[in-house]
2 protein chains.
Amino acid sequence: MIRIVVDAMGGDHAPACNVEGAVDALQKSEDISVVLAGQAEKIRPLLEGLSYDASRLSVLDCPEVIETGESPVFAIQKKRDSSLVRGLRMIREQEADAFVSCGSTGALLVGGQTIAGRLKGVQRAPLAAVIPTAKGFSLLIDSGANVDVKAKNLQQYAVMGSLYMKHMFGIEDPSVGLVNIGTEEEKGNALTREAYPLLAATEGIRFIGNAEARDIPEGAADVLVCEAFTGNVVLKMYEGVAKTLFSQIKKALKSSALGSIGGLLIKPSLKGLLTTFSADTKGGAPMLGLNGLVVKAHGNSKKDQVSTAILQCLDFGAHDIKDKIRDAIGRLES
Amino acid sequence: MIRIVVDAMGGDHAPACNVEGAVDALQKSEDISVVLAGQAEKIRPLLEGLSYDASRLSVLDCPEVIETGESPVFAIQKKRDSSLVRGLRMIREQEADAFVSCGSTGALLVGGQTIAGRLKGVQRAPLAAVIPTAKGFSLLIDSGANVDVKAKNLQQYAVMGSLYMKHMFGIEDPSVGLVNIGTEEEKGNALTREAYPLLAATEGIRFIGNAEARDIPEGAADVLVCEAFTGNVVLKMYEGVAKTLFSQIKKALKSSALGSIGGLLIKPSLKGLLTTFSADTKGGAPMLGLNGLVVKAHGNSKKDQVSTAILQCLDFGAHDIKDKIRDAIGRLES
């Protein structure tokens with residue numbers, strides 16, 4: 001049984017979609033139990049009328065709520081009775097295996113490291129994001145947790161990311177690329193120049209060299225290693241360019257009669273493309289290297305996305321990925 | 001008269017397109033003179049049969065050629081009789097006002113700083129790229145020249161970029177955004193956290209705060225300031241995401257009959273969009289803060305792009321942007 005705490009209060013559609021997503025996940029798998037953490041008075045009415053296995057669902061009353069826009073550090077220190085703090089504390093105490101939140105990314109990242117805590121040997125816990133590519137998808141790690149890191153940290157990310165891709169998605173020998181601004185070893189900044197030989201010498205991963213940003217959308221590598229500033233820029237550019245291009249295409253089509261008709265005809269094909277070219281089906285972004293799995297689901301997650309994010313914790317637990325990460329990092333450091 | 005040296009040997013379509021582009025630029029403007037630097041035996045036959053004002057065109061015989069893939073530092077030290085080294089030396093000696101090349105970016109960046117030389121007070125010379133946005137275009141500075149820089153360097157980029165946007169494109173009071181991974185002042189890494197208050201306190205620029213990567217394609221600011229690693233990732237993600245999306249759209253449309261018909265109907269509209277959403281019409285990427293203008297044109301430039309890149313040097317010279325940069329940096333440092 002994998003024990004999952006769901007932050008019922010975080011996200012644009014909380015608590016309704018969070019509660020519905022949790023119930024949906026419980027219906028889909030008999031191997032999970034869910035703790036809904038949040039304001040009980042708001043959660044309980046939402047559960048009424050839904051059918052689920054009550055022995056695997058409980059509500060943890062957390063009267064305080066962390067709002068978006070609050071300073072993460074301050075919010076965590078002050079709101080000790082929030083779903084986020086209480087949920088992450090359960091991870092540290094090993095009372096739960098995973099924590100899923102659609103709430104404030106900043107608070108989750110700070111709380112993940114300071115409250116849930118890192119596995120022995122792990123220096124920084126990265127946030128990994130699954131991004132769609134022409135070939136399928138890649139894991140971008142670190143996509144937003146730790147800025148100004150050292151080459152050694154990137155090496156740990158490569159190991160953790162490889163294990164995640166292998167055991168979560170069955171990619172046997174995942175390739176690892178270092179996000180860089182050129183393909184040759186000596187290209188880049190001080191960090192990437194130091195990281196390159198370190199990654200090349202790391203046992204147990206398949207390092208294939210630098211991955212230029214230009215090649216990321218085509219699928220440059222299964223695991224894309226970088227520090228968080230770069231990772232976040234990659235992630236957000238992905239989002240931004242796609243959004244702007246689609247809206248510009250729409251505008252261009254509407255500006256002519258032929259375009260409008262053509263636009264109607266291509267709609268079904270484009271819809272299929274958008275579904276394929278979307279990371280939604282892969283669940284939320286995992287924060288790796290902690291005493292449990294912490295998953296950041298998108299802020300605008302609805303029932304289905306919450307359910308998917310919860311079920312990914314099942315796979316994580318079923319494959320003992322936490323233990324595998326701890327062992328691999330142990331070997332790396334010994 | 002603006003004196004422009006054109007690297008006849010660099011680029012995928014050199015020397016033919018470089019020579020034709022130079023002649024085209026001479027025909028379009030009477031206020032420029034062009035030195036074609038490169039292997040005279042290859043250039044001269046290409047000039048035969050073309051009509052141009054011979055008093056404004058000369059050939060500088062440079063027997064050595066820097067190949068793509070050569071180590072920039074090594075190539076510059078060794079091939080002193082290459083078009084790149086000879087051309088940049090003319091900038092340093094004030095025998096020319098501008099140098100345009102479609103050749104090796106690495107060699108041009110190294111040569112720009114070490115041979116052409118920086119203006120007094122300029123600590124690093126950034127490469128600026130014009131990128132298309134939903135609103136028009138933005139100047140991304142530094143898009144690839146200097147990694148691992150200091151906040152002070154970013155401040156100089158902001159000043160240089162603002163002057164370029166104002167005088168080259170007539171944008172009266174260009175907004176300046178700091179490329180960052182969040183909107184609040186305290187967001188980002190050590191560099192951006194130090195740069196933010198510095199930019200906010202800089203006179204003569206209109207700093208509007210952080211620009212998140214996600215908002216760049218919509219047109220977050222006229223001038224986007226960042227260090228070169230980030231800038232290059234932004235630039236290359238732009239290219240990569242757009243390329244992959246368009247090829248995926250094509251594939252999706254071809255997979256159904258309706259899609260195929262629709263695809264034919266939307267072709268003209270999309271072509272218009274691609275033209276608008278292209279930086280080609282704005283010329284090459286200028287390297288700013290040097291003893292003259294150095295322009296990196298795209299490696300696959302054909303006649304028209306070479307001509308545009310040459311004519312942008314005319315605007316640069318006509319508005320005395322070099323002097324304006326030197327004066328502004330002088331005031332900043334005094």
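Two strands count as paired if DSSP finds at least two bridges between them. Keep that in mind for this predicted model, starting with one residue pair: Asn180(B) sits opposite Glu212(B), which belongs to strand 8 of chain B.

**The sheet in chain B**

Strand 7 of chain B covers residues 175–180, and five bridges tie it to strand 8 of chain B, with the two running parallel. Both belong to an open sheet of five strands in chain B, ordered 5-6-9-7-8, with mixed pairing. Strand 5 (128–132) and strand 8 (206–212) of chain B are the edge strands; each has a single partner strand, so one side of each goes without a neighbour in the sheet. Going from one strand to the next, the twist averages 30 degrees.

Which helices lie on these strands? Helix 6 of chain B (residues 151–169) lies across strand 5, strand 6 (137–141), strand 7 and strand 9 (223–225) of chain B, and makes about 150 degrees with strand 6 of chain B. Helix 7 of chain B (residues 190–200) packs on the sheet too, touching strand 7 and strand 8 of chain B, with its direction at about 170 degrees to that of strand 7 of chain B.

**How the two chains relate**

Chain B goes onto chain A by a rotation of 180 degrees with 0.0 Å of shift along the axis, at an RMSD of 0.1 Å. That's the relation of a two-fold axis. Which residue of chain B comes closest to the rotation axis? It is Gly262(B), with its C-alpha at 2.0 Å.

Now for the contact itself. On chain B, 49 residues are in contact with 49 residues of chain A. The buried area between chain B and chain A comes to about 4600 Å², and carbon and sulfur atoms give 74% of that. In chain B, the residues losing the most area to chain A are Ile181(B), Phe229(B) and Met237(B), together 15% of what that side buries. Why can we say the copies meet through the same surface? Because 100% of the interface residues of chain B are also interface residues in chain A.

Polar contacts across the interface of chain B and chain A amount to eight residue pairs. As for the elements involved, strand 7, helix 7, helix 8 (228–254) and helix 9 (257–276) of chain B each give two or more residues to the side touching chain A. Helix 8 of chain B gives the most, with 20 residues.

| Site | Backbone feature | Angle |
|---|---|---|
| Ala14(A) to Pro15(A) | cis peptide bond | omega near -5 degrees |
| Ile141(B) to Asp142(B) | cis peptide bond | omega about 20 degrees |
| Gln94(B) | positive phi, residue other than glycine | phi near 60 degrees |

And where do these sit? Pro15(A) is in the loop between strand 1 (2–7) and helix 1 (16–28) of chain A. Asp142(B) is in the loop between strand 6 and helix 6 of chain B. Gln94(B) falls in the loop between helix 4 (83–92) and strand 4 (98–101) of chain B.

Definitions and conventions. Residues are numbered from 1 along each chain as its sequence is written. Chains are lettered from A and ligands numbered from 1 in the order in which they are written. This is a predicted model: local features need pLDDT of at least 70, side-chain atom pairs count only at pLDDT 80 or more; totals for chains, interfaces and linings use all residues. Side-chain values use heavy atoms; hydrogens and water are left out. Copies are superposed by least squares on the C-alpha atoms of residues with pLDDT of at least 70 in both. Contact means heavy atoms within 4.5 Å. Helices (H or I, at least four residues) and strands (E, at least two) are DSSP runs, numbered from the N terminus. Axes are lines fitted to C-alpha atoms, for helices over the stretch in contact, and angles run from 0 to 180 degrees between N-to-C directions. Buried area is the accessible area (1.4 Å probe) that two parts lose on being put together, summed over both. A polar contact is a pair of N or O atoms within 3.5 Å; within protein, one must be able to donate a hydrogen and the other to accept it, and residues adjacent in sequence count only if both atoms are side-chain atoms.
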